[in-house]
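Here are my notes on the model you passed along, point by point. Have it open in your viewer while you read.

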Amino acid sequence: MEAFFETHANLVERCTAPVRRLLMDEINWNDRLIGIKGTRGVGKTTFLLQFAKEHYGARDRRCLYINMNNFYFQDRGFVGFAGEFVARGGKCLLIDQVFKQPDWSAELRRCYDLYPTLQIVFTGSSVMRLKEENAEIGGIVKSYNLRGFSFREYVNLMSGNNFPAYSLEEIISNHERIAKSILTHVNPLNYFEDYIHHGFYPFFLEQRNFSENLLKTMNMMTEVDILLIKQIELKYLSKIKQLFYKLAVNGPKAPNVSTLAQELETSRATVMNYIKFMADARLINIIYPVNEDFPKKPAKVMMHNPNLLFAIYPIQATVQEAMETFFVNSLWKDHTVNQKGKDNYYIVDGKKQFRIIDAKSEAKLRYQSDCLYARYNTETGSDNKIPLWLLGFLY
């Protein structure tokens, strides 16, 4: 136990979160069992350590961080360990990568029942269905999603500002005032291109090649987050990767499921399941027509965030595709995005119609009063014309 306390103290002391994540204030920290899901590379470990630093401090033994990568837990699980921690006065156990432990949900349930004074905060993959697929903890766990950096968080980090997040309704109603208040301090367009290329994943700050690191992360998403957690046999890994590559290089459009099934020598149902798993792993976003959902055929499949557009050779993503990917990814956290029918039209929350357009080539465009226009290549907007970058301030 002493070795774990020492590791915890060293990790918390060295933890320097570059940006304080908005999720830190959205979680009800009074709950006893809290799950933090998120795709690889978005900073879940840093988030746990930052929580420990803010709420307890590095040397407070009431809080302890452990990682299920440690072989110690493969031999004995963590229920007994949690009991010893409680006996020593422990109050909060932070468990990283809980899915690496066999029967992790059953062990969490036992801890919940055996140690009523213990709070457990754990991290897991975005493909985990904590409430829907886990009878042991589905009724007691509070689940949250940690996402990659928003454009707001990226601008704050790079410019040293502390701009707040805004709701979609606030942006639609007051985008001129909000944009002006931000532009008084910084021009976000100075950072927009870099964010589109590499700003979503916090590991761009590390002294490593970003593209190679992102490729490694994407492979881990398929090999661990999809294969391991969904319990798919290893022999099917190549088909999953092949499908992802085909979807990526084909660009954002409706997939031809029958053709893909023939090329992969598998069934249409399997292709659709793989596509769903990729969306759960945050490799892609699936866009459906209004009032439709899985397992219906998607209206469009696109990369989950624009950074992924630049990681797969030989994708030749257009600016329009990158901007639409940014739009969907920015809205995805708290809103439902559906395809309108025409390529650059989207319906948000079943009622708001958006069109993504280039402000530099709109001279012949006839604006419609019942549509909202998210315009790129512009700092400001007016009326129903909103600068696209501002939608990156939704979280």
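1. A term first: contact here means heavy atoms within 4.5 Å. Keep in mind, too, that this is a predicted model. With that settled, have a look at helix H5 (residues 79-87), where Val79, Phe81, Ala82, Gly83 and Phe85 are buried. Which elements cover them? Among the elements over the buried residues of H5 are helix H1 (2-14), strand E2 (63-67), helix H4 (71-76), strand E3 (92-96) and helix H6 (104-114).

2. H1 brings His8, Leu11, Val12 and Glu13 to the contact, and H3 brings Leu49, Ala52 and Lys53. By class, the residues of this contact are four nonpolar, one polar and two charged.

3. On the H11 side you'll find Lys239, Ile240, Leu243, Phe244 and Leu247, which meet Val271, Tyr274, Ile275 and Met278 of H13. This contact has eight nonpolar residues, no polar ones and one charged. As a reminder, an α-helix has 3.6 residues a turn, so residues three or four places apart point the same way.

4. The largest pocket has a volume of about 1000 Å³. Its lining runs to 41 residues, with Gly41, Gly43, Thr45, Thr46 and Glu206 nearest the centre. H1, helix H3 (44-55), E2, strand E4 (119-125) and helix H10 (210-226) each give two or more residues to this lining. H3 has the largest share, six residues.

5. Which residues sit closest to its centre? Out of 30 lining residues, those are Arg129, Asp280, Arg282, Asp293 and Trp332. At least two lining residues come from each of helix H2 (23-26), strand E5 (142-145), helix H13 (268-280), strand E6 (284-289) and strand E8 (337-339). E6 supplies the largest share, five residues. By class, this lining has eleven nonpolar, six polar and 13 charged residues.

6. Next, Ile356, which sits in strand E10 (residues 352-358). Is Ile356 buried or exposed? The cut-off for buried is under 20% relative accessible area, and Ile356 is at 0%, so it is buried. Beyond its sequence neighbours within four places, Ile356 is in contact with Gln320, Met323, Glu324, Phe327, Asn344, Tyr346, Ala374 and Tyr376. For a sense of scale, Ile356 and Gly83 are 54 Å apart, C-alpha to C-alpha, and 273 residues apart in sequence.

7. One of those partners, Asn344, deserves a look of its own. Asn344 belongs to the loop between E8 and strand E9 (345-348), and at a relative accessible area of 14% it is buried. Leaving out residues up to four places away in sequence, Asn344 touches Gln320, Glu324, Phe354, Arg355, Ile356 and Ile357.

8. Last, some backbone geometry to go through. Most residues other than glycine have a negative phi, and most peptide bonds are trans. Gln97 has a positive phi of about 55° although it is not a glycine; this residue is in the loop between E3 and H6 and counts as buried at 15% relative accessibility. Glu265 also has a positive phi, near 55°, in the loop between helix H12 (257-264) and H13, but Glu265 counts as exposed, at 69%. As for cis peptide bonds, one runs from Phe294 to Pro295, with omega near 15°, and Pro295 lies in the loop between E6 and strand E7 (300-303). Another joins Tyr313 and Pro314, omega about 5°, with Pro314 in the loop between E7 and helix H14 (319-331).

Note on methods. Residues are numbered from 1 along each chain as its sequence is written. This is a predicted model: local features need pLDDT of at least 70, side-chain atom pairs count only at pLDDT 80 or more; totals for chains, interfaces and linings use all residues. Side-chain values use heavy atoms; hydrogens and water are left out. Helices (H or I, at least four residues) and strands (E, at least two) are DSSP runs, numbered from the N terminus. Buried means under 20% relative accessible area, exposed over 50%, partly exposed in between (1.4 Å probe, protein chains only). On a 1 Å grid over the protein atoms alone, a cavity is a set of points where a 1.4 Å probe fits but cannot get out, and a pocket is an open set with protein on both sides within 12 Å along at least five of seven lines; lining residues have an atom within 4 Å of a point. Grid points are joined across faces, edges and corners, and a volume is the space filled by probe spheres set on the points. Ala, Val, Leu, Ile, Met, Phe, Trp, Tyr, Cys and Pro count as nonpolar, Asp, Glu, Lys and Arg as charged, and the others, Gly among them, as polar.
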